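Here are some notes for a colleague who is opening this structure for the first time. They are set out as numbered points and can be read beside the model.

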Amino acid sequence: MSLHPTLQSYADAWTHSIEAITELVQPLVEGEWNRRTPLPGWSVRDIVSHVIGMDCEMLGDPRPIHTLPRDLYHVTNDAQRYTEMQVDVRRHHTSPEMTSELEYTVIRRNRQLRNESREPGTKVRGPLGTELTLEESMRSHAFNVWVHEQDLRAALGRPGNLDSPGAHIARDVLLAELPGVVAQGAGAPRSSAIVFDVHGPVEFLRTVRVDMQGRGTLETAPALGPAAMLTLDWETYVRLACGRVTREAAADRVKAEGDPDLAEAILQNFTVTQ
């Protein structure tokens with residue numbers, strides 16, 4: 001195996017999630033591909049199209065030449081238009097076309113990963129002409145594919161894999177955003193500490209400390225007498241952080257203690273990706 005050891009966990013997480021997605025959609029009849037998902041405007045077919053499109057871009061395939069319809073209400077900015085291109089171009093594909101393209105794309109990606117010998121710091125192409133390292137690209141991709149696996153599970157009523165390799169990548173990706181949520185998004189007071197207690201298939205206790213300059217840092221040590229403490233289950237944490245559920249809809253699954261205004265500000269700014 002020529003893959004750099006630093007990248008192996010991301011490859012393993014992607015493999016686990018993409019195999020789960022393939023297993024989920026393989027038996028679907030035509031009408032089930034049109035089921036609504038937690039993402040506005042996207043069906044099961046659309047999410048699978050997006051996953052295929054993401055992997056095609058990881059392979060370096062040229063992007064489709066396609067004109068988007070003007071009536072897509074959920075597409076409002078350049079980033080969404082960029083993402084929607086791979087989705088809309090497949091919107092009328094049949095069930096066999098979708099599953100065969102997914103299978104072929106997975107075969108090609110597996111071959112690419114087997115032959116991947118580049119260093120983690122190698123610069124690669126990112127969305128909208130951005131540039132990022134191979135490690136950043138593979139981490140982001142493993143995270144995205146796992147989140148979309150969860151979207152499909154929600155749409156199809158097939159919960160599972162909340163503690164899979166992709167879930168642990170997602171934990172790390174989302175925790176890295178937490179200091180910004182607390183310090184910049186919610187404007188937590190300087191010299192304060194906020195504790196997050198997450199339980200379920202993936203569980204952790206983390207403290208975000210805000211220093212005198214207003215910068216947030218993530219710590220594993222619990223804080224005594226925090227300004228606020230939020231207790232919630234892992235699935236709710238993911239759905240809030242990924243914009244799959246509103247703070248109001250998740251109110252009964254989140255326990256907030258301490259400063260109620262600060263806790264509310266954190267929850268209102270909790271979404272870091274959609």
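Which residue stands opposite G216 in strand 5? The first point takes this up.

1. The model is a predicted one. The residue opposite G216 of strand 5 is V210. R209, in turn, stands opposite T217 in strand 5. Strand 4 covers residues 204–210, and four bridges join strand 4 to strand 5 in the antiparallel sense.

2. Between strand 4 and strand 5 there are five residues, and the two strands form a hairpin. The turn contains G214, whose phi is positive at about 85°.

3. As background, strands of a sheet pair through backbone hydrogen bonds, in either a parallel or an antiparallel manner.

4. Where does S191 lie? S191 is in the loop between helix 6 and strand 3. Its phi is near 60°, which is positive although the residue is not glycine. L128 is another residue other than glycine with a positive phi, here near 55°. L128 sits in the loop between strand 1 and strand 2 (131–133). For context, most residues other than glycine have a negative phi. A reader may wish to look at both loops in the model.

5. How many cavities of 30 Å³ or more are counted? The count is one cavity. The largest cavity holds about 40 Å³ of space. Its lining consists of L174, E177, L178, V181, Y237, A241, F270 and V272. Helix 6 gives the largest share of that lining, four residues. Helix 6 and helix 7 (234–241) each contribute at least two residues to the lining of the largest cavity. By class, the lining of this cavity has seven nonpolar residues, no polar ones and one charged.

6. The largest pocket has a volume of about 1,400 Å³. Of the 49 residues that line the pocket, H50, M54, T83, P127 and N144 lie nearest its centre. Which helix gives the most to the lining of the largest pocket? Helix 5 does, with ten residues. At least two lining residues come from each of helix 2 (44–58), helix 3 (78–88), helix 4 (95–114), strand 1 (123–125), helix 5 (134–156) and helix 6. The lining of the largest pocket divides into 21 nonpolar, 18 polar and ten charged residues.

7. The second largest pocket contains about 240 Å³ of space. It is lined by 15 residues, and Q150, D151, A154, E235 and R239 are the closest to its centre. Helix 5 supplies the largest share of this lining too, with six residues. Helix 5 and helix 7 each provide at least two residues of the lining of the second largest pocket. The lining of the second largest pocket is made up of eight nonpolar, two polar and five charged residues.

8. The last point concerns a pair of helices. Helix 2 and helix 3 pack with their axes 8 Å apart, at an angle of about 110°. The two helices, helix 2 and helix 3, are therefore roughly perpendicular to each other. On the side of helix 2 the contact is made by D46, S49, H50, G53 and E57, and on the side of helix 3 by Y82, T83, Q86 and V87. The residues in this contact between helix 2 and helix 3 comprise two nonpolar, five polar and two charged.

Technical notes: Residues numbered from 1 in each chain as written. Predicted model: local features only at pLDDT ≥ 70, side-chain atom pairs only at ≥ 80, totals over all residues. Heavy atoms only, no water. Pairing = 2+ DSSP bridges. 1 Å grid on protein atoms, 1.4 Å probe; cavity = no way out; pocket = protein on both sides within 12 Å on 5 of 7 lines; lining within 4 Å. Points joined across faces, edges and corners; volume = space filled by probe spheres on them. Nonpolar A, V, L, I, M, F, W, Y, C, P; charged D, E, K, R; others polar. Axes fitted to C-alpha atoms, helices over the stretch in contact; angles between N-to-C directions. Parallel < 35°, antiparallel > 145°, perpendicular 65-115°, else oblique. Contact = heavy atoms within 4.5 Å.
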